[in-house]
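Hi,

Here is the structure I promised to send over. Have a look at it first, and then read on for what turned up.

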Amino acid sequence: RVKRGWVWNQFFVVEEYTGTEPLYVGKIHSDSDEGDGSIKYTISGEGAGTIFLIDEITGDIHATERLDREQKTFYTLRAQARDRQTDQLLEPESEFIIKVQDINDSEPRFLEGPYIGSVAELPPVGTSVMQVMASDADDPTYGSSARVVYSVLEGEQHFTVDSKTGVIRTAVADLDRETQDRYEVVIRATDMAGQLGGLSGSTTVTIVVTDVNDNPPRFPQKMYQFSIVETAPVGTAIGRVKAEDSDVGENTDMTYQVKDEEGVEMFKVTTDSNTQEAVITVQKPLDYESKKVHTVVVEALNKFVDPRFVDLGTFRDQTIVRVSVLDVDEPPEFRPPSNLMEVQEDAHVGSVVGVVTALDPDTANHPVRYAIDRSTDAERIFDIDAKTGAIVTGKVLDRETAGWHNITVLAMEADNHSQVSRASLRIRILDVNDNPPELATPYEAAVCEDAKPGQLIQTISVVDRDEPQSGHRFYFTLAPEATNNHHFSLLDIQDNTAAVHTQRVGFNRQEQDVYLLPILVVDSGPPALSSTGTLTIRVCGCDSNGAIQSCNSTAYVVSATLSPGALIALLVCVLILVVLVLLILTLKRHHKSHLTSEDDEDMRDNVIKYNDEGGGEQDTEAYDMSALRSLYDFSEIKAGDGGGGPGEGGPGRNPASELHALPQWVQSPDLDFSVFRDYICRKVEQADEDLSVPPYDSFQTYAFEGSDSPVPSLSSINTWSSGSEQDFSYLGGWGPRFRQLAALY
């Protein structure tokens with residue numbers, strides 16, 4: 001029995017169908033279909049029922065929509081054959097594919113554009129620049145729809161493109177960046193292998209021509225002119241020049257140099273790395289009087305030279321720089337510049353030490369005047385002739401006091417003292433033998449009583465403030481007054497020292513304990529000078545080993561210091577004495593102050609504290625008058641005043657009651673101030689007679705007001721009657737300035 005199954009061919013559908021009727025795709029059929037319509041065909045899957053429709057009876061499939069292979073190349077569907085009555089599957093479900101058949105409907109596209117490439121200038125023909133690539137969405141396996149070829153639409157004069165690979169190459173060898181540094185090339189890609197009817201796409205390729213060092217530097221001018229003053233210091237910039245280079249980047253880096261010998265000596269050229277300019281600076285001092293114009297040849301050359309272009313010519317250029325030196329008024333110049341002079345120390349005042357010379361370097365050659373900077377010769381040891389420049393001594397010289405003198409000499413134009421030059425001058429004072437030799441120290445020697453003849457007791461050396469060029473040479477001998485000496489001998493050792501030896505056996509301290517030995521010392525001159533020194537020799541007692549024990553006049557060895565315990569005890573005693581003295585002075589002053597306060601009752605403290613106005617009659621504590629009353633002997637005063645009178649209140653009045661009435665003062669012509677006047681005079685006399693108290697400039701009291709005050713007092717102390725009897729209406733006449741005071745009153 002033959003197995004039943006599906007019967008169909010492979011399905012294709014052409015893309016981009018533009019007909020009005022559905023496009024027939026194909027037919028599915030089961031071999032069990034007898035054509036009676038009992039089998040129903042259905043499909044499912046991608047596009048079933050929407051894009052693809054099937055005739056249930058015949059199994060014909062139609063495409064109802066326009067398809068695009070570039071979007072979807074095939075569709076997968078499943079076919080079913082069912083019994084129309086029972087809806088049972090008559091055949092197993094089968095899968096089939098509908099392929100979309102390609103047509104040339106997509107043009108090539110450059111997906112990586114826009115393109116930018118570069119090539120060095122002056123390249124050989126055929127130099128590869130870059131590669132472009134176009135993509136075609138058509139089916140490369142079907143026909144020639146996706147076969148792309150390349151061509152140049154614009155720029156073919158300078159560039160070509162490989163039709164298959166898309167590689168762009170140079171077509172000429174004279175690409176010059178300085179002429180044109182950028183090219184826009186249009187490349188076209190055509191499918192169908194370039195055949196007629198093929199689709200095409202294009203892109204623009206920007207090709208940048210990069211620089212190579214193919215241009216030498218060139219100076220815009222063949223001569224430059226600069227000027228500079230002759231006093232410009234070394235290193236001063238004169239000017240800048242720059243060579244132009246058509247290249248860019250490091251190909252424009254260049255160095256400059258001076259080519260002529262004169263320019264190399266006087267000027268220096270450096271390169272400014274930022275601006276690539278040549279900076280011309282002064283290398284040696286300029287002098288207008290010597291040369292007014294300098295000509296310098298400056299050469300510029302590239303720092304990086306490409307050996308491929310050496311045949312194009314030399315990559316350097318030269319220009320001439322003309323430097324004019326400007327004249328300025330310069331100070332005089334010392335000639336020759338020697339700064340050392342010598343003079344003997346015994347030269348007389350006014351002796352010529354040397355002559356300095358200075359000349360005006362300017363063309364005018366003004367006369368020069370000289371002076372000494374007195375800040376370097378404050379003692380005026382030297383003077384100078386203002387016209388000749390002769391330096392003479394102004395004071396007596398002494399090499400031993402100052403062997404060198406450093407002074408500054410000024411040279412200035414006679415008619416323009418602002419143009420001043422300075423020269424340091426060192427004057428050496430030459431030594432003459434004007435100081436006799438002297439013993440190095442006041443020598444003292446000791447000799448033992450049991451000394452033997454020939455025993456060395458002292459070696460003597462001398463000093464001489466002079467410094468002869470040949471060195472010192474001293475001679476020693478005993479002074480003439482010691483020629484009869486038989487106790488000691490003097491030996492000149494010939495090395496500027498001498499030795500004293502004993503000449504006898506033993507000495508006796510009881511007979512003579514001190515010997516004075518005069519020694520004559522002579523130098524080598526010239527002239528030879530001498531002096532006599534005395535060596536003091538003491539006779540001392542010694543032990544068996546020759547160590548000195550004691551001498552007659554004093555012990556030979558005395559301790560020069562005290563023990564720490566003795567020093568501490570001495571300091572404690574001094575400290576105790578100081579403390580006792582201070583304590584006595586303090587007690588004495590305190591006792592004296594106490595006596596003064598009791599006897600004299602100095603009222604100054606109370607007076608200075610009474611610095612405010614009283615509170616009127618009701619204020620009984622403003623000032624305590626008891627101290628004043630207790631100091632006065634009223635009986636003595638009363639007797640002294642003759643017993644009083646009617647003007648004092650009558651003989652029957654008690655002075656104490658008068659004083660009690662003082663705080664409530666009433667201005668009355670019957671009161672007498674003699675009590676206070678006498679008291680004050682008495683206190684002044686006591687103060688004048690007591691020399692132990694300090695003097696006082698003034699004595700002031702504020703216990704009462706004066707009797708002749710022209711203006712009545714505002715205080716309540718001056719009230720004649722009680723407050724109930726007063727009329728305060730007059731207070732309104734004081735005016736606005738005293739309104740607050742009137743209200744308080």
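Let me start with one cysteine: Cys551 is buried, at a relative accessible area of 9%, which falls below the 20% cut-off for that label. Keep in mind as you read that this is a predicted model.

Cys551 is bonded to Cys540, with the two sulfurs 1.7 Å apart. That is within the 2.5 Å used to call a disulfide. The torsion about this S-S bond is about 85°, so the Cys540 and Cys551 link is right-handed. Cys540 sits in strand S40 and Cys551 in strand S41 (residues 548–551), so the bond ties together parts that are eleven residues apart in sequence. Cys540 is buried as well, with a relative accessibility of 0%.

How many disulfides does the count come to? Two. The other bond runs from Cys448 to Cys542, S to S 1.9 Å. Here the angle about the S-S bond is -90°, and the link is left-handed. This pair connects distant parts of the chain: Cys448 belongs to strand S34 (residues 444–448) and Cys542 to strand S40 (residues 530–542), 94 residues apart. Cys448 counts as buried, at 9% relative accessibility. If you number the bonded cysteines along the chain, the pattern is 1-3, 2-4.

Two further cysteines to look at are Cys573 and Cys681. Cys573 is partly exposed, with a relative accessible area of 47%, and Cys681 is partly exposed too, at 39%.

Now the overall picture. The chain has 745 residues, and 34% of them are buried. Its secondary structure comes to eight helices and 41 strands. Of the contacts with a separation of 6 or more, 66% are between residues 24 or more positions apart. The accessible surface is about 45,100 Å², and carbon and sulfur atoms account for 52% of that.

Which residues have the most contacts inside the largest nonpolar core? They are Phe219, Ile238, Tyr256, Phe267, Val298 and Val321, in a core of 25 residues. Several strands give two or more residues to this core, including S17 (223–229), S18 (237–241), S19 (254–258) and S20 (267–272). Strands S21 (277–282), S22 (293–302) and S23 (316–326) are also on that list. Leaving aside residues up to four places away in sequence, Phe219 touches, among others, Tyr224, Val241, Tyr256, Val298 and Ala300. Its neighbours also include Lys242, Asp317 and Gln318.

On to charges. Side chains of opposite charge can pair when their charged atoms come close. The structure holds 24 salt bridges, and here are three of them.

- Lys40 pairs with Asp87, with the closest N and O atoms 3.9 Å apart. Lys40 lies in strand S5 (residues 39–45) and Asp87 in the loop between strand S8 (74–83) and strand S9 (94–101), so the bridge ties together parts that are 47 residues apart in sequence. Lys40 is partly exposed at 22% relative accessibility, and Asp87 is partly exposed at 40%.

- Lys259 pairs with Glu299, again with a closest N and O separation of 3.9 Å. Lys259 is in the loop between S19 and helix H1 (261–266), while Glu299 is in strand S22, 40 residues apart. Lys259 is partly exposed at 42%, whereas Glu299 is buried at 4%.

- Glu449 meets Arg509 at 3.4 Å, N to O. Glu449 is in the loop between S34 and strand S35 (456–463), and Arg509 is in the loop between strand S38 (497–502) and strand S39 (514–522), which puts the partners 60 residues apart. Glu449 is partly exposed at 25%, and Arg509 is buried at 18%. There is also a network: Arg399, Glu400, Asp431 and Glu467 are joined by salt bridges that share partners.

If you have the viewer open, strand S40 is a handy place to begin, with Cys542 and Cys540 both in it.

Cheers

Terms used: Residues are numbered from 1 along each chain as its sequence is written. This is a predicted model: local features need pLDDT of at least 70, side-chain atom pairs count only at pLDDT 80 or more; totals for chains, interfaces and linings use all residues. Side-chain values use heavy atoms; hydrogens and water are left out. Helices (H or I, at least four residues) and strands (E, at least two) are DSSP runs, numbered from the N terminus. Buried means under 20% relative accessible area, exposed over 50%, partly exposed in between (1.4 Å probe, protein chains only). A nonpolar core is a set of buried Ala, Val, Leu, Ile, Met, Phe, Trp, Tyr and Cys residues joined through side-chain atoms within 4.5 Å. Contact means heavy atoms within 4.5 Å. A salt bridge is a side-chain nitrogen of Lys or Arg within 4 Å of a carboxyl oxygen of Asp or Glu. Accessible areas come from the Shrake-Rupley method with a 1.4 Å probe; for residues, only the protein chains shown count as cover.
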